[in-house]
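Here are my notes on the model you sent.

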Amino acid sequence: MTSTQQVSADTPADELKALAERAGRDLEDASALEILTWAAGTFGARFCVTSSMEDAVVAHLAARARPGVDVVFLDTGYHFPETIGTRDAVAAVMDVDVITLTPRQTVAEQDAEYGPRLHDRDPDLCCALRKVKPLEEGLAGYLAWATGLRRDESPTRAHTPVVGWDDRRRKVKVSPIARWTQDDVDAYVAEHGVLTNPLLMDGYGSVGCAPCTRRLLEGEDARAGRWAGRAKTECGLHG
């Protein structure tokens, strides 16, 4: 397992990139908790978890590695009530600090500038305004962030490294459960009583913004209910 030495806030990007690539190789076979323990030890308070509140698995794991860890949630203004409820429950019962990011414009302000239902007419722009830009601003004070990406979720995520370099944001990106399957997630949830979004029990395989998310049809992969009927498969946060 790779050694842990905390890096400073002014560490050059090329050094962070080399660190990420080396850790990705060294930690490929490590457990999710070992990966997060390395990240917490290496980046300290400049490490956070991002969560869509589909479940709190990575947040729970990260809290074991670093109690009180920041968990960043994007409130796009289009979430299901169940998602907001999951966020509130996570904040209430877990040893984490939930930080809610919001877009610069409310939905009403966006409608006034771009017209209503931008998510139907130009979903890429809607995601850019309500997800990508707010996250970039919200991550500004961190050197590394953790995600819940898994290789089995979709073809676009099949080669996700457990630790990699986010070239667009110039940050280390940690995906501690990249090697997990849905069975692994379910087993962890059951063992530790981890909070999950109620919509996962109501036919949804992946939970995003309400206007762009539907229940799964039989035989579809977990993310087929996102932007159904379009070529779009990612919101831009991980693309």
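1. Start with Cys209. Its relative accessibility is 11%, so Cys209 counts as buried; buried means under 20% relative accessible area, exposed over 50%, and partly exposed in between, with a 1.4 Å probe and protein chains only. Cys209 sits in the segment after helix H8 (182-192). Helices are DSSP runs of H or I with at least four residues, strands are runs of E with at least two, and both are numbered from the N terminus.

2. Keep the basis in mind. This is a predicted model, where local features need pLDDT of at least 70 and side-chain atom pairs count only at pLDDT 80 or more, while totals for chains, interfaces and linings use all residues. Residues are numbered from 1 along each chain as its sequence is written, and side-chain values use heavy atoms, with hydrogens and water left out.

3. What does Cys209 touch, not counting residues up to four places away in sequence? The partners are Thr76, Tyr78, Phe80 and Lys131. Contact here means heavy atoms within 4.5 Å.

4. Cys212 is also placed in the segment after H8. Cys212 counts as buried because its relative accessibility is 16%.

5. An unreviewed UniProt entry places the feature "binding site" at Cys126, Cys127, Cys209 and Cys212. These positions spread over 87 residues of sequence, yet they cluster in space, with a largest C-alpha distance of 10.8 Å. UniProt positions follow the numbering used here, feature names are shortened, and annotations may be inferred rather than shown by experiment.

6. The unreviewed entry in UniProt also places "domain: Phosphoadenosine phosphosulphate reductase" at residues 52-214. That span is 37% helix and 14% strand, and its end C-alpha atoms lie 16 Å apart.

7. Now the helix pair. The axes of H1 (residues 13-26) and H2 (residues 32-43) come within 12 Å and cross at roughly 160 degrees. H1 and H2 are therefore roughly antiparallel to each other, a label for angles over 145 degrees. Axes are lines fitted to C-alpha atoms, for helices over the stretch in contact, and angles run from 0 to 180 degrees between N-to-C directions.

8. Which residues meet there? Leu16, Leu19 and Ala23 in H1 meet Trp38, Thr42 and Phe43 in H2. The residues of this contact divide into 5 nonpolar, 1 polar and no charged.

9. Last, Pro12. Pro12 lies in the segment before H1. At 38% relative accessibility, Pro12 counts as partly exposed. Pro12 and Gln105 are 93 residues apart along the chain, and their C-alpha atoms are separated by 33 Å.

Technical notes. Parallel < 35°, antiparallel > 145°, perpendicular 65-115°, else oblique. Nonpolar A, V, L, I, M, F, W, Y, C, P; charged D, E, K, R; others polar.
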